[in-house]
Amino acid sequence: MDSIQEMDNSSISQDGVASHAPSSSSSTASRYENQKRRDWNTFMQYLKNHMPPLALSWCSGAHVLEFLRYLDRFGKTKVHTPICPFYGCPNPPAPCPCPFRQAWGSLDALIGRLRAAFEENGGKPEANPFGTRAVRLYLREVRDLQSKARGISYEKKKRKRPSSAHQQTPSLPLPPPRPPPPGAC
């Protein structure tokens with residue numbers, strides 16, 4: 001996530017011990033892996049700076065929501081409030097005082113990376129705070145709020161059928177549609 005502050009190469013394990021990751025390993029990792037590591041380091045730093053400091057083993061979905069709300073401070077997406085004259089307008093013609101927030105897609109991707117990082121760092125899937133119901137509901141709420149504020153709906157992507165199955169079977173003309181049964185419509 002571009003808006004998260006870049007952290008140094010140190011990481012903090014579950015027991016609070018800092019370790020230093022070599023910088024050369026980041027050049028061989030994929031962009032996704034590098035982003036996941038940066039996101040994980042940022043979240044661990046957030047827990048360290050939490051008052052009182054919080055161990056990962058005590059982290060819950062509520063703490064994840066607190067972290068997501070904290071990230072809103074660094075958002076770059078204008079989200080119109082219901083009282084704004086541009087509420088529901090995808091391209092407002094003038095500036096307004098509405099707040100900037102993290103975009104839903106960025107938060108959704110961030111949670112996906114942190115869910116994976118939690119398990120890669122020794123967390124049990126059933127104890128993953130990034131996969132809690134509260135986090136899923138929050139993301140849905142953010143998505144709905146932002147889509148209404150911008151006047152754009154988020155449509156669920158439809159899965160495409162494999163193209164190889166269509167190429168192997170010859171195209172046959174479809175039979176004409178059947179007339180509706182009597183009394184229908």
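Helix α3 covers residues 61–71, and its buried residues are Gly61, His63, Val64, Leu65, Phe67, Leu68 and Leu71. Buried means under 20% relative accessible area, exposed means over 50%, and partly exposed lies in between (1.4 Å probe, protein chains only). Helices are DSSP runs of H or I with at least four residues, numbered from the N terminus.

The buried residues of α3 pack against α2 (31–49), α4 (104–120) and α5. Contact here means heavy atoms within 4.5 Å.

## About the model

This is a predicted model: local features need pLDDT of at least 70, side-chain atom pairs count only at pLDDT 80 or more, and totals for chains, interfaces and linings use all residues. Residues are numbered from 1 along each chain as its sequence is written, and side-chain values use heavy atoms, with hydrogens and water left out.

## Salt bridges

Side chains of opposite charge can pair when their charged atoms come close. A salt bridge is a side-chain nitrogen of Lys or Arg within 4 Å of a carboxyl oxygen of Asp or Glu. The whole structure holds 4 salt bridges.

One of them joins Arg113 and Asp39, at 2.4 Å from N to O. Arg113 sits in helix α4 and Asp39 in helix α2, so the pair ties together parts that are 74 residues apart in sequence. Both Arg113 and Asp39 are buried.

Lys36 pairs with Glu33, with the closest N and O atoms 3.2 Å apart. Both residues belong to helix α2 and stand 3 residues apart, about one turn of the helix. Lys36 is buried, at 3% relative accessible area. Glu33 is partly exposed, at 32%. A network of salt bridges links Glu33, Lys36 and Glu120.

Asp144 bridges to Arg143, where the closest N and O atoms are 3.4 Å apart. Asp144 is partly exposed, with a relative accessible area of 31%. Arg143 is also partly exposed, and its value is 27%.

## A positive patch

Arg115, Arg133, Arg136 and Arg140 form a positive surface patch. Patch residues have over 30% relative accessible area and no salt bridge; like charges are joined within 9 Å, and nonpolar side chains (Val, Leu, Ile, Met, Phe, Trp, Tyr) within 5 Å. Lys and Arg count as positive, Asp and Glu as negative; His and the chain ends are not counted. The place of a charge is NZ of Lys, CZ of Arg, CG of Asp or CD of Glu. Accessible areas come from the Shrake-Rupley method with a 1.4 Å probe, and for residues only the protein chains shown count as cover.

Helix α5 (residues 133–150) gives the most to this patch, with 3 residues. Arg133 lies in helix α5. Arg133 is exposed, with a relative accessible area of 58%.

Terms used:
Helices (H or I, at least four residues) and strands (E, at least two) are DSSP runs, numbered from the N terminus.
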